[in-house]
Amino acid sequence: MNSYKIFILILGIVYLSSCRKKDKNECPVCPIVESISPVSAHAGDTITINGSQFNSSGNIVKFNDVSATRIVSENSSQVRAVVPANCGSGPVSVDIDDELTSNRSVAFTYISKYTVTTFAGTPVLAGDVDGAAAIAKFNSPKGIVSDKLGNVFVADRNNNCIRKIKAGLVTTFAGKKGPTGGFVNSANPLTAEFNFPYGIDINKSGELFVADLFNDCIRKILPSGAVSTIAGVGTVPGDVDGAGAIAQFNWPTDVSIFEDSILFVADYLNNKIKRVAASGRTVTLAGTGTKGNINGTLASSLFFAPLSLTLLDNSSLLIVDNGNVQIRVLNFVNSTTTNFAGTGLVGAFDDRSSSATFNYPTDIAMRTIGGKKEIYIADQLNNVIRLIDANGNVSKVIGDGTASFKDDEGTKAQLNRPYGLAFDVLDNRILYITDEGNHCIRKVVIE
């Protein structure tokens, strides 16, 4: 090879290398996405991507950084691709390889499909029957949680016990099942007694924590079923911080676990958020005890009947401030509270989170999909489940608003006073709902 050809070859290599810089805008031969149609779709739908400098074959199409299910057709200016399940909203890109990537991408909105079925319980009929999920009966189920072993636990409020659902079978896990509550700790789970158990949570060790409403205390259930009290006197309401049995609550309605051993408690009638250490020592985290709606420092913040809570991240809690008809954020790192969603007025208005309205919201469940958080709210007296997306938009996604029972898709389904929400820890495409008014547990598959 003569020196001229070697020189031309070197120039070509340098040119191609320049197309593979991290700054995509410096690559003159990288794919350019100009438009997509439609701009929103469900999983399995086909999207047409128009642009230039695509490959005639072998293009890599991604929806919010999730690879397309398959390529239907492709040429240098157009690619038709199938939307992958649960990719979430985000940019659509076309890449030739790992380095020749899109100079431009176009925003895409993913529309989830929600399929609602009955997971356990005989719809509409209250009762206390164990057995196959289809014939079992609940009575005003409240809190719900799942674990890594495939168990789903339910606080069956009016039956004063904790039920377990696994492999299509419902059993009583802890508590003397029946209409009469009590307060008994026991190594034998079926002789222990609860009195209107409400919110529940579970740690990585499989220990369940229960907000035992009418006993005004926080109970712990070991994987063996043994029941003990970790905070609160038991049957004595009050508002006292302190160690173990010295502490007092007044209608604790929910617990949320932080770092596997610290509990945050919604102390409903005390209008406070409390923190319970692994030792059982309880301190007031936020709220003065006076009803109100004031943000700012934790010491000066006011709540009105905080009902439930869930961790938003490693520094903050989402709180359903039921009496204020709002979702609040408590940041325990910078010690402040702020509003997250809701105007404080009762309604059913979908809009930006700051303008949306709710009607007796009760619980929150959250999942991360496509790198973005989705927050689901049980909007009980609107008989629907609402979604707050990553952009802060609120929409109705499950239930038509009628207080009734119907298994169907999304807003064609019907709920009756949905209360508790929990994602399956093994599959965040599955959402469980305690459908309190229908006395059953609903299952939603999100695609």
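The model is predicted: local features need pLDDT of at least 70, side-chain atom pairs count only at pLDDT 80 or more, and totals for chains, interfaces and linings use all residues. Residues are numbered from 1 along each chain as its sequence is written, and side-chain values use heavy atoms, with hydrogens and water left out. The protein contains 1 helix and 35 strands; helices (H or I, at least four residues) and strands (E, at least two) are DSSP runs, numbered from the N terminus.

**Overall build**

- Along the principal axes, the C-alpha atoms fill a box of roughly 95 × 50 × 45 Å.
- Of the 447 residues, 52% are buried; buried means under 20% relative accessible area, exposed over 50%, and partly exposed in between (1.4 Å probe, protein chains only).
- Among contacts between residues at least 6 apart in sequence, 47% join residues at least 24 apart, where contact means heavy atoms within 4.5 Å.

**Strand pairing**

- Strands of a sheet pair through backbone hydrogen bonds, either parallel or antiparallel; here, two strands pair if DSSP finds at least two bridges between them.
- Elsewhere, β22 (residues 272-276) and β23 (residues 282-286) are antiparallel partners over 4 bridges, with V276 opposite T282 in β23.
- These two strands, β22 and β23, form a hairpin with 5 residues between them, and G280 in the turn has a positive phi of about 100°.

**Two lysines**

- K142 belongs to strand β12 (residues 141-146), and this lysine counts as buried because its relative accessibility is 5%.
- Beyond its neighbours within four places in sequence, K142 is in contact with residues including A155, R157, Y198 and E436.
- K373 lies in strand β30 and is partly exposed, with a relative accessible area of 35%.
- Leaving aside neighbours within four places in sequence, K373 has contacts that include L312, M366, I388 and D389.
- K373 and N391 are 18 residues apart in sequence, and their C-alpha atoms are 9.4 Å apart in space.

**Cysteines**

- A disulfide is a covalent bond between the sulfur atoms of two cysteines.
- When a disulfide is taken as a pair of cysteine sulfur atoms within 2.5 Å, the count comes to 0 disulfides.
- C217 is in no disulfide, as the nearest cysteine sulfur, that of C161, is 16 Å away; C217 is buried, with a relative accessible area of 0%.
- C440 is likewise in no disulfide, with the sulfur of C161 the nearest at 16 Å, and C440 is buried at a relative accessible area of 0%.

**The second largest pocket**

- On a 1 Å grid over the protein atoms alone, a pocket is an open set of points where a 1.4 Å probe fits, with protein on both sides within 12 Å along at least five of seven lines; lining residues have an atom within 4 Å of a point.
- The second largest pocket has a volume of about 510 Å³, a volume being the space filled by probe spheres set on the points, which are joined across faces, edges and corners.
- Its lining has 26 residues, of which S89, Y110, I111, S112 and L387 lie nearest the centre.
- The elements that give two or more residues to this lining are β9 (106-110), β30 (372-379) and β32 (394-398).
- The lining residues divide into 8 nonpolar, 10 polar and 8 charged; Ala, Val, Leu, Ile, Met, Phe, Trp, Tyr, Cys and Pro count as nonpolar, Asp, Glu, Lys and Arg as charged, and the others, Gly among them, as polar.
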